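Biologist: Please take a close look at one thing here, the pairing of charged side chains. Keep it brisk.

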Amino acid sequence: MHSWPCPFCNLMFPASQLERHANEHLEEEEIRRDMELAQHIAISPTSPPKTLKNPVENGMLFERSSEKTCERATSRSDGSNNCYGEMSIDEKVLRLVSFQIRSTFYRVEDDLMTLLRNCLESEQGNSTSILSGSVIHFQSIESEDVGWGCGWRNIQILSSHLLMQRPEARQVMFCGAGFVPDIPSLQRWLEIAWERDFDTVGSEHFNHKIYGSRNWIGTTECAALFRSFGLRARVVDFGPKEIKSQFISVSGSNPQKDSQGKRKADEAYGPIDKFLLRRESRDRDISQSGSSRHDLCNLADSTESDKCFTKDAIGRQVLVDWVWNYFSDNKFTKSGSQGVIVTDKAPLYFQHDGHSRTIVGIQVKHQLNGMHQYNLLILDPADKTAALERSLKGNVGWQKFIKRGVQTLKKPQYQLCHIDPGIAHSEELEQLKTLDSNFFEF
């Protein structure tokens with residue numbers, strides 16, 4: 001029987017045993033690298049870590065982790081270990097790097113944003129659309145997170161874009177894992193961000209614990225999580241002037257707290273972020289007067305009851321104008337033709353009372369009378385990815401999933417999170433630990 005030298009240690013083995021022996025070397029080396037990297041990240045959080053073995057192939061993420069990884073992670077990171085709370089931050093990072101799990105998702109064969117681009121290009125009329133690059137749509141799952149997980153799903157959608165489109169972000173997010181973690185793993189990462197003093201006020205609101213819970217989260221949790229990796233996540237608030245001081249993310253605001261020091265909301269009806277809610281009359285139908293609907297006012301092809309330009313709709317135009325200016329920023333690379341432009345700008349986390357979604361672009365229609373009609377282009381975790389794919393492939397009915405016009409913005413308050421390019425270090429990273437925002441009045 002012929003023997004062959006091991007390429008790692010030069011020992012001689014029969015051909016039938018050589019592969020198994022060599023694989024043992026690879027497993028040992030991978031574990032050693034992971035341990036070194038996790039320790040490096042935990043001790044020096046201001047320095048971007050080296051990239052772990054990258055599970056991203058040809059720019060696309062794997063849908064599922066292997067059964068072995070899932071079993072290992074389930075047995076070690078399900079919260080059954082009572083010692084977790086007593087670990088140092090370094091030990092928690094080390095554990096999480098080893099046992100975080102890839103989130104599952106429905107794979108769209110031809111890329112969701114490519115399908116959307118094709119549909120926009122096929123539309124009649126004079127219009128201009130600006131889109132973010134590739135994203136993966138993470139839908140809420142009935143058995144896992146329906147009713148409370150939309151914030152986490154939007155973080156996953158944003159993460160998929162950053163991992164595929166920004167190499168510098170892929171190096172630092174989730175310790176260079178290169179994939180989008182599941183919700184429990186994201187909850188652990190948020191707790192570590194809190195332990196590192198990112199958004200201490202938000203941490204107190206949740207009593208410093210979020211793992212394993214079904215608590216609603218919002219824009220500030222999204223920002224704190226991304227900032228803990230050194231990403232420049234910024235928060236923007238939109239609302240009426242009279243309640244500006246109640247937005248917790250606005251510098252100098254004075255939000256109310258209950259007897260336990262938690263942030264209070266007058267009435268929380270859904271996964272609203274932690275600013276105060278006011279169910280004002282403006283949150284009802286824009287008009288009770290029976291005004292007729294006509295085609296010129298149907299900006300978003302929405303199934304909602306739309307009314308013509310009212311004072312509130314004009315006020316909400318402030319938000320739409322901000323989104324247009326964000327995506328049309330000339331400082332960022334753009335490509336495309338036939339009225340559809342792809343930009344390097346990342347999608348936007350979009351929060352309001354009751355729900356959160358992801359804005360992946362914006363469209364403006366140029367009318368013959370010189371007026372401009374805008375549609376936000378939105379992905380909603382509540383929608384089924386397969387249904388979205390079918391509508392886009394068939395170019396039928398996709399507008400009701402994705403397009404939202406000014407007249408659909410009926411909430412009294414909105415909040416966005418955008419992620420600027422680059423990685424923060426040292427003093428800038430310390431500054432990112434305190435959350436504030438830019439406020440725009442309706």
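Modeller: First, a term: buried means under 20% relative accessible area, exposed over 50%, and partly exposed in between (1.4 Å probe, protein chains only). The model is predicted, so local features need pLDDT of at least 70 and side-chain atom pairs 80 or more, while totals for chains, interfaces and linings use all residues. Residues are numbered from 1 along each chain as its sequence is written, and side-chain values use heavy atoms, without hydrogens or water.

A salt bridge is a side-chain nitrogen of Lys or Arg within 4 Å of a carboxyl oxygen of Asp or Glu. The count is 12.

Take glutamate 428 and arginine 232. Their closest N and O atoms are 2.6 Å apart. Glutamate 428 sits in helix H13 (residues 426–431), arginine 232 in strand S4 (residues 231–239), 196 residues apart. Helices (H or I, at least four residues) and strands (E, at least two) are DSSP runs, numbered from the N terminus. Glutamate 428 is partly exposed, at 24%.

Next, glutamate 195 and lysine 92 form a salt bridge at 2.5 Å, N to O. Glutamate 195 belongs to H7 and lysine 92 to H3, so the pair ties together parts 103 residues apart in sequence. Lysine 92 is buried at 4%. Glutamate 195 is partly exposed at 35%.

Last, lysine 345 bridges to aspartate 329, with 4.0 Å between the closest N and O atoms. Lysine 345 is buried at 5%, whereas aspartate 329 is partly exposed at 21%. Elsewhere, salt bridges with shared partners join Glu109, Glu389 and Lys393 into one network.
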